[in-house]
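Here is a short tour for someone meeting this structure for the first time. Have the sequence and the 3D view open as you read.

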Amino acid sequence: MDLNIVWYILVGVLLTGYAVLDGFDLGVGTLHLFVKKDEHRRLLLNSIGPVWDGNEVWLVTGGGALFAAFPEAYATVFSGLYLAFMLLLCALIFRAVAIEFRSKEPWGWWRKLWDTAFSLGSFVSALLIGVAMGNMVIGLPLTPDHEYAGTFLSLLNPYALVVGITTVLLFVMHGAIYLAMKNDGELHDIIVGWIPRLIGFFITAYVVLNMLTLVYVPHVLKTVQSRPWILAIVLFGVLIVMNIPREIHKGRRFNAFLSSCLGMIAMMATFGATSFPYMVYSNPNPENSLTIYNAASTEKTLGIMLIIALIGVPIVLAYTACIYWIFRGKTRLTGHSY
Amino acid sequence: MDAEILARVQFAFTVAFHYIYPPLSIGLGIVLVVMEAIWLKTGNPLYHNMARFWTRVFALTFAIGVATGIVMEFEFGTNWATYSRFVGDIFGSALAAEGIFAFFLESGFLAILLFGWNKVGPKLHFFATCMVCFGAHFSAIWIVVANSWMQTPAGYHLETTVNGQAVRLPPEHVLSAADLGTVRAVIDDFWAMVFNPSSVDRLIHVVLGAWMAGAFLVISISAFYLLRKRHLDFAKASMKVGLIVGTVATLLQMLSGDFTAKGVLKNQPAKFAALEGVYQTEARTPMTVIGWVDPVSETVQGLKIPGLLSFLSYEDVNATVTGLHNIPSDDFLKARYPNASPEEITKIRRSYWPPVPATFQFYHIMISIGVALLVIIIIALFMLWSGRLFKTDSKLTRGFLWVLVLSVLGPQIANQAGWFTAEIGRQPWIVYELLKTSEALSKVVTANHILASLIMFTFVYLLLFLVFIFLLTRKIQHGPDHLEEDLEMPDSWKAIIRTKEARA
């Protein structure tokens, strides 16, 4: 296995970490306006309070790792999808500061304003992340110099929008399960009441998405035919998602959340396995595609970065686990809460 | 307007706005570590009360710092795609290291710092505070390393691709427009990149600037409470901590400024000449205290101290400082324009100068504020020593306390001015003497795109800034918790508290 493959996997791990961790934050945010009582909204915010910030770092580090390991892909994607990323950044800013600002003042209009900012920001972030993923699956039109040749509107194609909506539904389901795990009492019962429907929505969207992929994205179909083992990952993903209602029914909230995490990992793995070895697939003109070889930094840099990752990532995982452990248990509102 | 100007304005605006917050996180981080250390050491509940209050201020600055920082991580790709392709092999690793070593540390332990007061023991809480503070400093390290590499690139070579094979280019290779897209800078020596000629000087300068930002915020708010005669014990103790950190930082900053300027002299002579508007090479070069540059007549008007620049540069009042008319060197220009006549070379040379008036003014703003802050801190120390600083009925004291209230703006303006000096002084280069800013843009991003996002960021950041000021003011008005309320803590925390007699 060469360093390029190692880094393809590592960037994938970072982005998967982001999806799994910030995924529930964004899901909780999207659900925020559907919860009506002020006390419940505060519980929602404080359920993600100690961890949202660290979760977002996965995106920042994923971006940094993409820049370091595959600068051509970083430059092409971010300049090509300029307006979409600017909107995403704007949404992420609003959502982040809203968490900090919202409970600082008791006034109704103030809380309503930041509740809306938090919720809309979360929804738009999830949607745009999904739309970006959708476009990566179909492929972006690239020139021979690896520059993006499409427009902003061509990003909003029906297929990408379906991926966007599926992502929102996935994050919402994931977030609801997280909330069920982190809360008890009235709020817990409300959320648990929603979960079966949310799972239903997501599974419907996921099935539609997979059928669309097979029909409208022929190169993915071809890849899957030549790599039939990908179907095993898909099957695992489907089974693990089906396991969620069972765990919820038996009252095992943590197992339900774990299943949801594993389901997301399986979906990201499917994405990674079908995309390989492309960083950005060019559609049309696949010969202009960015691969893990023509988009990569030198072997030397990939080697240095691997050392950095081997030192840094275990430490990060260790104290992230400690922090989740310290803040385990049900959310309670105290003087330090948001 | 053209895309280059807009892209530069947008980057400058978003990074300048972002840079209000990280120095406060770094500086307040140090202050929090000091306060919690005193609390653990003396068991005086006042310091616990202080740490709690300043943590809330810290949380506010940190949240906006994170939110606006995410933008920066991606803006290299969105606005400067050609640059990103060219330097990704080198610059990217510094950014990734920042993520792995700094951001995770900061944001992870922040959870304990903010929400762990009653969840963990006091020692673990102190450890978390130290980690957040370290994380903020690590972040400064990597980002300053990355920027310093753009100022003084080292540890790399240029490489091109011929028939799919990487070919190393000789060090004297001059980048031409045709090279962009095929030639890139790649790493030779990671540590030479990290410890490039300017990174240590500039890192110290940036970190001390950040400590000053944190210290003067604490000094300012404490002075405000003294003036209002509210939370007096809290204000006096906070003021002392602020003054300790502020004094150390300000004194060291004078030394660091000297080193940094000498580094610029050695590594970036064009920037150095622009700092003082030195056009002609001359002996006994003066330094301007306050003044303005006339770029047409190439003169500087204002209050000058003869020979001071020569002295500060070479410790000799009669030394010669190279002026812009000899920078860049003839050899440098002839390598790029082999067919140009001597007259043409003279003309072309100007296109390699940074904008002199802007570089000059930003530099002088920074220097003047730095000196003013030094004077303020010396007076404050003298008044503290002579017991006058806390005599809030005296007119003189009240006047000076108002100066301290306003002093919070000093480090903020100086930090911004310093960065503007550093970045404008590097022009026309994005990577010094290697890649020009005008060549580094994203090819597919149009001026309209950038304008649209610039307008969006202007609105969003204006709103954020107003909310930040509003919430900060509210926090200041609310003040620290009552000591008694604050004492509702778990037994493991209460065990720290010792009475005055026991402390003595």
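## A first look at B:R85

With which side chain does the side chain of B:R85 make a polar contact of 2.9 Å? One partner is A:E72, whose side chain lies 2.9 Å from that of B:R85 in such a contact. A polar contact here is a pair of N or O atoms within 3.5 Å; within protein, one must be able to donate a hydrogen and the other to accept it, and residues adjacent in sequence count only if both atoms are side-chain atoms. The side chain of A:T76 is joined to B:R85 as well, by a polar contact of 2.9 Å.

Some ground rules before going on. This is a predicted model, in which local features need pLDDT of at least 70 and side-chain atom pairs count only at pLDDT 80 or more, while totals for chains, interfaces and linings use all residues. Residues are numbered from 1 along each chain as its sequence is written, chains are lettered from A and ligands numbered from 1 in the order in which they are written, and side-chain values use heavy atoms, with hydrogens and water left out.

## Around B:R85

B:R85 sits in helix α4 (residues 81-115) of chain B; helices (H or I, at least four residues) and strands (E, at least two) are DSSP runs, numbered from the N terminus. With a relative accessible area of 11%, B:R85 is buried. Buried means under 20% relative accessible area, exposed over 50%, and partly exposed in between (1.4 Å probe, protein chains only). Leaving aside neighbours within four places in sequence, the residues in contact (heavy atoms within 4.5 Å) with B:R85 include A:A75, A:S79, A:D145, A:H146 and B:R184.

There's a salt bridge here too: the side chains of A:E147 and B:R85 meet at 3.1 Å, N to O. A:E147 lies in the loop between α6 and α7 (152-155) of chain A and B:R85 in helix α4 of chain B, so this pair joins two chains. A salt bridge is a side-chain nitrogen of Lys or Arg within 4 Å of a carboxyl oxygen of Asp or Glu. Both A:E147 and B:R85 are buried.

## Where the two chains meet

Zoom out, and 67 residues of chain A are in contact with 73 residues of chain B. The area buried between the two chains is about 6,100 Å², with carbon and sulfur atoms giving 76% of that. On chain A's side, A:F67, A:Y82 and A:H336 supply 12% of the area that chain A buries against chain B, more than any other three residues. Buried area is the accessible area (1.4 Å probe) that two parts lose on being put together, summed over both.

Between chain A and chain B there are 17 residue pairs in polar contact, both residues at pLDDT 80 or more. The count of salt bridges between chain A and chain B is three. One salt bridge pairs A:E105 with B:R474, their closest N and O atoms being 2.6 Å apart.

## Charged pairs inside chain A

Over all chains, the count comes to 25 salt bridges. The side chains of A:R95 and A:D22 form one of them (3.4 Å, N to O). A:R95 is in helix α5 and A:D22 in helix α1 (residues 3-31) of chain A, so the pair ties together parts that are 73 residues apart in sequence. Both A:R95 and A:D22 are buried.

Another salt bridge joins the side chains of A:R41 and A:D115 (2.8 Å, N to O). This pair links distant parts of the chain, with A:R41 in helix α2 (residues 38-48) and A:D115 in helix α6 of chain A, 74 residues apart. A:R41 is buried at a relative accessible area of 11%, and A:D115 is buried at 2%. A network of salt bridges links A:D38, A:R41, A:R102, A:R111 and A:D115.

## Other spots in chain B

Which residues of helix α12 (residues 342-350) of chain B are buried? They are B:I345, B:I348 and B:R349. Seen down the axis of α12(B), these buried residues fall within an arc of 105 degrees, so they line one face of the helix; the arc is that of the directions from the helix axis to the C-beta atoms. The face turned away from the buried side carries the exposed residues B:E343 and B:K347.

B:W39, in helix α2 (residues 21-42) of chain B, is buried with a relative accessible area of 1%. Leaving aside neighbours within four places in sequence, B:W39 is in contact with residues including B:N44, B:Y47, B:M489 and B:W493.
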